[in-house]
Amino acid sequence: MEPLLEILTDNARTSNETIAQMLGQPVEAVAARIRQLEDEKIILGYKALVDAEKAEAERVRAVIEVKITPERDGGFNRIANRIARYDEVHSCHLMSGSYDLLVVVDGKDLKDVAQFVSGKLSTIQGVLSTATHFMLKSYKEQGTVIGVDETPERLKVSP
Amino acid sequence: MKTNPVPRNPVAEHVQRIPRSGIRDFFEIVQSMTDVVSLGIGEPDFVTPWHIREAAIYSLEQGRTGYTSNLGAPKLRKAIARYVATHFGVSYDPANEVIVTVGVSEAIDIAIRAILNPGDEVLYHEPCYVSYNPSIVLAHGKPVRISTSAENGFALKAADVRRAITPRTRALMLNFPTNPTGAVLPRSDQEEIAEVCIEHDLVVLTDEIYSELTYEGQHETIASLPGMRERTIFLHGFSKAFAMTGWRIGYACAPAGLTEAMMRIHQYSMLCASIMSQEAALEALEHGREPMLAMREQYLRRRNFLTHQFHEMGLSCAVPKGAFYLFPSIAPTGLTSREFALRLLEEEKVAVVPGDAFGPGGEGFVRCSYATGMDQIETAAARIRAFVGRLRVPATV
Ligand SMILES: Cc1ncc(COP(=O)(O)O)c(C=O)c1O
């Protein structure tokens, strides 16, 4: 990955000036490149990484294994796209192995998710079966370990 | 009435002669303050990569809690020999030319003690790491400093080495990349220095602890020059590149005779390095390269940022080519290193280390470590800028 993207994926709030100085580039060049990455939809967005439990967000998340019938033209894409466009769907991936799509769904509560699965997801034509697993607790999210403070205690001055 | 005889000083004379470390003094002031942003830290801010910690945990689970061979666990010595051959181009026999030590600190100590007769002179370049001078004094040797200068990028010049040599000169200590200057030693200078060392039959102690943290060009060791392997003690460790300071693990590689001499001291004073740390070090050598390179990349970006900031402040500063220190000149402020560091601490709560802590040649400079998170570095830079702004430094750029 290009260094600019590494810096932003590590901390999306790093200012253009700081990035420019870190990479030894003019700030205009950095700004232009970021705009280009955004235009090309290589950078899809900037979102805060939130510990939902601490934020007391009322939310349940489920991981759903979905089996679908591939179509003659387009394979899995058309159905996958249809599923992905629901607001309830947090992410959706085509998988190798014993099922086809891995769909992560957010809801207010268990009932909410269950309704989405039975009322919407499984009624889509081409969806053969679903298996729903509710997430109980998160230990690591997008590379960040949750609940363990790893800022080491260092001496303030050392040789 | 009997008067008490004046008790004699129970402390050995050569120990009395060792000055208090300038860093310790400063440390105590900083430690007593709160909310300090510190660029004064000479160790990585990264925690040891998890795979290394996990390997140590596993070895404890396996019950590996005993002594190892004095020289260190054979599998670790083999891995060290492979690593040094691959990355430094020098071959050592793991059976009798590699010794695992308690950090490079111990390696420096036993190397010096192994080679010095009382009164022997040891040359070292200054500004330098704080332990060299006292380590020589403790071994009853005579430290002889060679000053390096900002004009030469703090590299050591063969002519200066030659000038410092007397009939009592026994050894030359090198540390490139250098703590505190970040200097590297170009190959051409290495060659000229090697020539002088061969001519005067000097032993070279090369402290390579920052060698992986080289940002421009490939690091090369003086040990790989013709005629140098047989007179060089190659000192290296895991503290900096692999973020393993607290594990206290390092090593020395040298021809069998010198290794045997170091081993004689080590076997009685240390017995062996901690087995847990040896297990971790093995993991670092076998699987630690990628995480290490990722950390280096972070240091590089921080270095670029901080160097840029100092240039904008009008404090001239060579772009350090290695280690994780910036050594800007604070001469334009009209303050001494100590005044600068103390006032910066009091007025802006930023800790940097006064350059004279690394020898008199460091006066006029401060050491700023960028082994700290970007957010801290940004805060520190903004505060230093405010401080320097109040001193009204004439702009040089
Ligand atoms: C140049 C130099 N040598 C040796 C050491 C000590 O290293 P170790 O932790 O391996 O004892 C340091 C630590 O700051 C250093 O900067």
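This is a predicted model: local features need pLDDT of at least 70, side-chain atom pairs count only at pLDDT 80 or more; totals for chains, interfaces and linings use all residues.

How many residue pairs are in polar contact across the interface of chain B and chain A?

1. The rule finds 16 such residue pairs across the interface of chain B and chain A, with both residues at pLDDT 80 or more. Three helices of chain B, namely H2 (22–31), H11 (289–313) and H13 (374–391), each supply at least two residues of the side that touches chain A. The largest share of that side, 7 residues, comes from H11(B). By class, the side of chain B that touches chain A has 16 nonpolar, 9 polar and 8 charged residues.

2. On the extent of the contact, chain B contributes 33 residues and chain A contributes 15 residues. The size of an interface is often given as the accessible area lost when the parts come together. Between them, chain B and chain A bury about 2,100 Å², and 52% of this lies on carbon and sulfur atoms. Within chain B, the residues that lose the most area to chain A are B:Phe27, B:Ile41 and B:Arg301, which together account for 27% of what that side buries.

3. The charged pairing across the interface deserves a separate look. The rule finds 1 salt bridge between chain B and chain A. A:Glu6 forms a salt bridge with B:Arg301, and their closest N and O atoms are 2.7 Å apart.

4. Where does the ligand lie? The ligand is placed between chains A and B. It is surrounded by 14 residues, of which the closest are B:Val104, B:Ser105, B:Asp207, B:Ser239 and B:Lys240.

5. A nitrogen atom of the ligand is 2.6 Å from an N or O atom in the side chain of B:Asp207. For B:Ser239, an N or O atom of the side chain is 2.6 Å from an oxygen atom of the ligand. In B:Tyr210, a polar side-chain atom lies 2.8 Å from a ligand oxygen atom.

6. Finally, the division of chain A should be noted. Chain A is divided into domain 1 (3–39) and domain 2 (60–137). Taken over C-alpha atoms, the centres of domain 1 of chain A and domain 2 of chain A are separated by 35 Å.

Technical notes. Residues are numbered from 1 along each chain as its sequence is written. Chains are lettered from A and ligands numbered from 1 in the order in which they are written. Side-chain values use heavy atoms; hydrogens and water are left out. Contact means heavy atoms within 4.5 Å. Buried area is the accessible area (1.4 Å probe) that two parts lose on being put together, summed over both. A salt bridge is a side-chain nitrogen of Lys or Arg within 4 Å of a carboxyl oxygen of Asp or Glu. A polar contact is a pair of N or O atoms within 3.5 Å; within protein, one must be able to donate a hydrogen and the other to accept it, and residues adjacent in sequence count only if both atoms are side-chain atoms. Helices (H or I, at least four residues) and strands (E, at least two) are DSSP runs, numbered from the N terminus. Ala, Val, Leu, Ile, Met, Phe, Trp, Tyr, Cys and Pro count as nonpolar, Asp, Glu, Lys and Arg as charged, and the others, Gly among them, as polar. Domain bounds come from an automatic or database domain assignment. A residue is near a molecule or strand if one of its heavy atoms lies within 4 Å of it.
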